[in-house]
Amino acid sequence: MMNLKPEVIAQLERVLGSVEMLLPKMSKPVDWANCYAANWRRHSFSGYLERVKVTDTTRLDQLLGVEEQKKTMINNTRQFLKGLPANNALLWGSRGTGKSSIVKALLHEYAAEGLRVIQVEKEDLIYIAEIFAAVEDQPYRFIMLCDDLTFEMGELSYKMLKSALDGSVYSAPENVLIYVTSNRRYLLPEYEGDHLGGKYVKGELQQSEIQEEKSSLSDRFGLWVPFHVFSQERYVEAVKLCIERFAQQLGRDIPMTKEVELAAIKWSHDKTKRCGRTAFQFSKNWVGKYLLK
């Protein structure tokens, strides 16, 4: 056995310690039979799937003002669960209008039928091939959810997602579908000058090269599902539903009066937005104050 000097041994220990920090973290495999959702957790040059406890119990019938959007997403997800052709989906539009809530409600509705969700941050899309490999042999159907996604031109994660949607070397396995939510239809910032350079070909206006590139990612989603702000009537209905849910959870009687309706409308004006999120925030504030009295 070699006789090494103490200082050499100390150096080797430091090197091995540094290498160990870079190695993928040893983690317990996700038990998908008892786990419905997971996050991709980055670690050094790779990452691993980490179990997430699902606490959101929102049901599809509790989401108001998005009936057509629900119908589209329910049909597509049921096709996927049955092993039938289904599309990757881009849910885009105004913030707080229910894009993420629909995906969570779909999980709540269809988890018993084998639906699972993996949430992936934009920065971790560079590991998309590893994420696919981690679940491709599982007997479940996975939605890879990228929530509130936006890019800047040239980002590597943008190119990786584009390749996955294209069905290239990074294409998703048969049991994975990609759902993305974003405030932007094209997932990229739009500028006034983007439209310059368009030209007419045989009487038809063709997009500029910049516009073509910016639309090239969103074009790869089979479904575009738009979300818009609520009408005042829909907003008030959402407030009523939220208050009823709080009353049921707390076992208290909380009436929906004209005073509540006017206060809710004023709240939406202050927030400059009528949407499900605004209705929920108002309801929390109103119910809390009402029960404190």
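Ring pairs link Trp267, Phe282 and Trp286 into a cluster; rings of Phe, Tyr and Trp (its six-membered ring) pair if their centres lie within 6.5 Å. The model is predicted, so local features need pLDDT of at least 70 and side-chain atom pairs count only at pLDDT 80 or more, while totals for chains, interfaces and linings use all residues. Residues are numbered from 1 along each chain as its sequence is written, and side-chain values use heavy atoms, with hydrogens and water left out.

**Overall chain**

- The chain holds nine helices and nine strands, taken as DSSP runs numbered from the N terminus (helices: H or I, at least four residues; strands: E, at least two).
- Of its 293 residues, 40% count as buried; buried means under 20% relative accessible area, exposed over 50%, and partly exposed in between (1.4 Å probe, protein chains only).
- Among contacts in the chain with a separation of 6 or more, 73% come from residues 24 or more positions apart, where contact means heavy atoms within 4.5 Å.
- The accessible surface of the chain is about 17200 Å², and carbon and sulfur atoms hold 52% of that area; the areas come from the Shrake-Rupley method with a 1.4 Å probe, and for residues only the protein chains shown count as cover.

**Aromatic pairs**

- The count of aromatic pairs comes to seven.
- One of them joins Trp40 and Tyr127, whose ring centres are 6.2 Å apart with planes at 35°, so the pair is tilted; planes under 30 degrees apart count as stacked, over 60 as edge-to-face and the rest as tilted.
- Trp40 lies in strand β1 (residues 37-43) and Tyr127 in the loop between β4 (115-119) and α4 (128-135), so this pair ties together parts that are 87 residues apart in sequence.
- Both partners are buried: Trp40 has 6% relative accessibility, and Tyr127 has 8%.
- The rings of Trp267 and Phe282 have centres 5.8 Å apart and planes at 70°, so the pair is edge-to-face.
- Trp267 belongs to helix α8 (residues 258-271) and Phe282 to helix α9, so the pair ties together parts that are 15 residues apart in sequence.
- Trp267 counts as partly exposed at 24% relative accessibility, whereas Phe282 is buried at 2%.

**Charges over rings**

- The charged end of Arg141 sits over the ring of Phe80, 5.1 Å from its centre; the rule asks for NZ of Lys or CZ of Arg within 6 Å of the ring centre and within 35 degrees of the ring normal.
- Arg185 has its charged end over the ring of Trp92, 5.7 Å from the ring centre.

**Ala89 in strand β3**

- Ala89 is placed in strand β3 (residues 89-93) and is buried, with a relative accessible area of 0%.
- Leaving aside neighbours within four places in sequence, Ala89 is in contact with Met73, Ile178, Tyr179, Val180, Phe221 and Leu223.
- Ala89 and Asn76 are 13 residues apart along the chain, and their C-alpha atoms are separated by 8.9 Å.

**Leu291 in helix α9**

- Leu291 lies in helix α9 (residues 276-292) and counts as partly exposed at 23% relative accessibility.
- Apart from neighbours within four places in sequence, Leu291 is in contact with Leu250, Arg252 and Ile254.
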